[in-house]
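Biologist: I would like to learn how to read a protein model. Could we go through it feature by feature?

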Amino acid sequence: NESFPYLVEIGGAYGGLCLQNWKRFAGNCTIVNIDLYPALVTAYFYLTKNGIPINVVTPKNPQVKKNMINLISANDIGNLLEIVPMCDLIFNSRSLCEMSTETILMYFNFINSCKINFFYHENSNFLLFPNSQRHIEVIGDKFPIDSKKFILKSKYLTPFTGGSGRYREYIYET
């Protein structure tokens with residue numbers, strides 16, 4: 001219901017969802033894509049080829065700009081609260097569960113501190129390889145979400161394919 005939404009995607013990869021949201025809101029939105037540097041290079045190329053205005057946020061250019069897709073390196077997540085103090089929605093699809101516990105804690109320090117309306121993520125709710133030394137996951141039920149701030153509105157089997165039914169979508173509201 002937002003007329004000018006401010007969306008943050010953690011792990012936005014090449015920018016496919018960014019482009020879809022940009023089109024959905026006819027450019028009347030602010031979008032932030034946070035990912036590893038190689039993915040952001042791909043997103044920059046993909047989005048500029050589609051005529052989307054891009055702002056690369058760096059320590060030397062620390063401002064998110066309205067009516068643009070803003071790319072932020074995951075290496076700068078320690079400064080996220082200063083860069084993105086508030087937004088309408090933070091979204092993640094299938095990558096938080098694959099991050100180290102330390103990285104998850106950094107992201108959730110941001111998510112829990114941000115002035116936000118919704119947090120929506122789609123991540124695994126059980127371990128695929130529970131005894132693996134190499135395939136490490138943190139299940140979505142164990143994410144350090146601030147339960148005093150966020151109310152879990154829904155948790156369902158994801159409507160998206162893949163993952164043998166182990167992924168759930170979680171929708172939290174403040």
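Modeller: We will take the sheet, the helices, the cores and the salt bridges in turn. Keep in mind that this is a predicted model.

Biologist: In which sense do β1 and β5 pair, and over how many bridges?

Modeller: They are parallel, with four bridges between them.

Biologist: How many residues are in the largest nonpolar core, and which have the most contacts inside it?

Modeller: This core has 33 residues, and V84, I90 and F119 have the most contacts inside it. Next, ask which elements supply the residues. Those giving two or more are β1 (6–10), β2 (30–35), α3 (80–83), β5 (86–93), α4 (101–113), β6 (115–124) and β8 (167–173). The largest share, five residues, comes from α4. Another core lies apart from this one; it has 13 residues, among them L40, A43, I54 and I69.

Biologist: With which residues is V84 in contact, beyond its neighbours within four places in sequence?

Modeller: The list is Y6, V8, V32, V64, I72, F110 and C114.

Biologist: Is T30 buried or exposed?

Modeller: Look at the relative accessible area. For T30 the value is 1%, so this residue is buried, the cut-off being under 20%. T30 is found in strand β2. Leaving aside neighbours within four places in sequence, T30 has contacts that include F4, P5, Y6, L7 and V64.

Biologist: How many salt bridges does the structure hold?

Modeller: There are four. For each one, check the distance, then where the two partners lie. R94 and E122 form one of them, with their closest N and O atoms 3.0 Å apart. R94 is in the loop between β5 and α4, while E122 is in strand β6, so the pair ties together parts 28 residues apart in sequence. E122 is buried, with a relative accessible area of 2%.

Biologist: What is the N to O distance between K155 and D141?

Modeller: The distance in that salt bridge is 2.9 Å. K155 belongs to strand β7 and D141 to the loop between β6 and β7, 14 residues apart. K155 is partly exposed, at 34% relative accessible area, and D141 is partly exposed too, at 41%.

Biologist: Which residue forms a salt bridge with E173?

Modeller: The partner is K153, and the closest N and O atoms are 3.8 Å apart. E173 lies in strand β8 and K153 in strand β7, so this pair ties together parts that are 20 residues apart in sequence. E173 is partly exposed, with a relative accessible area of 27%.

Notes
Residues are numbered from 1 along each chain as its sequence is written. This is a predicted model: local features need pLDDT of at least 70, side-chain atom pairs count only at pLDDT 80 or more; totals for chains, interfaces and linings use all residues. Side-chain values use heavy atoms; hydrogens and water are left out. A nonpolar core is a set of buried Ala, Val, Leu, Ile, Met, Phe, Trp, Tyr and Cys residues joined through side-chain atoms within 4.5 Å. Buried means under 20% relative accessible area, exposed over 50%, partly exposed in between (1.4 Å probe, protein chains only). Contact means heavy atoms within 4.5 Å. Two strands pair if DSSP finds at least two bridges between them. A salt bridge is a side-chain nitrogen of Lys or Arg within 4 Å of a carboxyl oxygen of Asp or Glu.
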